[in-house]
Amino acid sequence: AQADGTRFGVSSAYVIGADGAHSIVRKCLGLGFDGAAYPQGFLLADCRVEWPLDHDHLKIFVGDRNLAVFLPLRGREVGRIIAIQPFVADASANAAGVEPAGAAPATLEEVEAAFRSVAKLPVTLHDPRWVTRYRLHHRGVDRYGDGRVFVAGDAAHIHSPAGGQGMNTGLQDAANLAWKLALVLRGRAPSTLLDTYHAERWPVGQKILQRTDRLFAAMSSQQGWVARTRNFVLPFVAPTLAGLAPVRARAFRFLSQ
């Protein structure tokens with residue numbers, strides 16, 4: 001419908017549903033979207049960050065069942081803070097997807113407290129541009145399309161941001177489908193070429209879901225001696241692994257999909 005409420009129709013040879021995690025196209029097609037919500041709730045703020053560290057590099061802090069991230073956006077003026085908000089005492093409520101701190105709007109003070117508890121640093125947040133709380137899910141469709149209708153990006157898969165593959169995966173969905181549609185529409189390839197979109201992208205989406213889920217669990221769900229061992233070993237092991245050619249080659253294949 002238009003802004004004044006007037007309805008109109010569109011005729012097209014094909015439809016691509018790139019309409020996000022709550023995709024209407026996916027729901028109309030009746031595609032499966034199996035998965036679940038992570039028990040953790042998250043807090044996010046774009047704001048001015050006062051602390052003893054620099055403002056130029058990504059920083060990740062981990063603790064017992066806690067995770068916090070600093071992302072540089074605009075030098076000292078604006079940084080992005082992401083932190084897990086505290087769990088509720090009732091573990092069954094966490095498993096059911098209940099917001100750990102309720103559904104009230106997030107506050108900068110709440111984000112600051114959650115970040116401080118993990119970073120163990122004197123941190124003060126000022127001048128918020130944006131503050132919110134949100135949930136993460138890991139879900140994927142059973143088919144990337146039906147007939148002349150396809151889904152791509154978050155309409156087809158949503159997952160933890162661990163590994164930073166969300167936008168990359170959606171863009172590669174679009175690239176894979178676009179050149180095939182172009183050839184079919186120009187009569188230079190049979191319509192059966194479009195069947196390869198699901199065949200090629202569905203396995204990639206499933207692998208991304210599995211690996212980001214494992215990585216997120218390792219970073220945010222451990223506690224006790226397991227978490228302490230991870231926190232002690234990780235700073236020494238990660239740089240060494242990152243310098244090994246086989247590890248770098250495997251990481252490249254994963255990131256390039």
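Tutor: A polar contact is a pair of N or O atoms within 3.5 Å, where one must be able to donate a hydrogen and the other to accept it. Keep in mind that this is a predicted model.

Student: Which residue has a side chain joined to that of Arg-133 by a polar contact of 2.5 Å?

Tutor: Start with the place of Arg-133, which is in strand 6. Two atoms count as a polar contact when they are within 3.5 Å. The contact here is 2.5 Å, and the side chain at its other end belongs to Gln-85.

Student: Which residue has its backbone oxygen 2.6 Å from a polar atom of the Arg-133 side chain?

Tutor: This contact involves a backbone atom on one side and a side-chain atom of Arg-133 on the other. The distance is 2.6 Å, and the backbone oxygen is that of Ala-104.

Student: Is Arg-133 buried or exposed?

Tutor: The relative accessible area decides, and buried means under 20%. Arg-133 has 14% relative accessibility, so the residue counts as buried.

Student: What is the phi of Asp-127?

Tutor: Most residues other than glycine have a negative phi. Asp-127 is found in strand 6 and is partly exposed, with a relative accessible area of 48%. Asp-127 is not a glycine, yet its phi is positive, at about 45 degrees.

Student: Is Lys-120 buried or exposed?

Tutor: Lys-120 sits in the loop between helix 3 (108-119) and strand 6 (124-141). Its phi is positive too, about 55 degrees, although Lys-120 is not a glycine. For accessibility, exposed means over 50%. Lys-120 reaches 66%, so this residue counts as exposed.

Student: Among contacts between residues at least 6 apart in sequence, what share joins residues at least 24 apart?

Tutor: A contact here means heavy atoms within 4.5 Å. Among the contacts between residues at least 6 apart in the protein chain, the share that joins residues at least 24 apart is 69%.

Key. Residues are numbered from 1 along each chain as its sequence is written. This is a predicted model: local features need pLDDT of at least 70, side-chain atom pairs count only at pLDDT 80 or more; totals for chains, interfaces and linings use all residues. Side-chain values use heavy atoms; hydrogens and water are left out. Helices (H or I, at least four residues) and strands (E, at least two) are DSSP runs, numbered from the N terminus. Buried means under 20% relative accessible area, exposed over 50%, partly exposed in between (1.4 Å probe, protein chains only).
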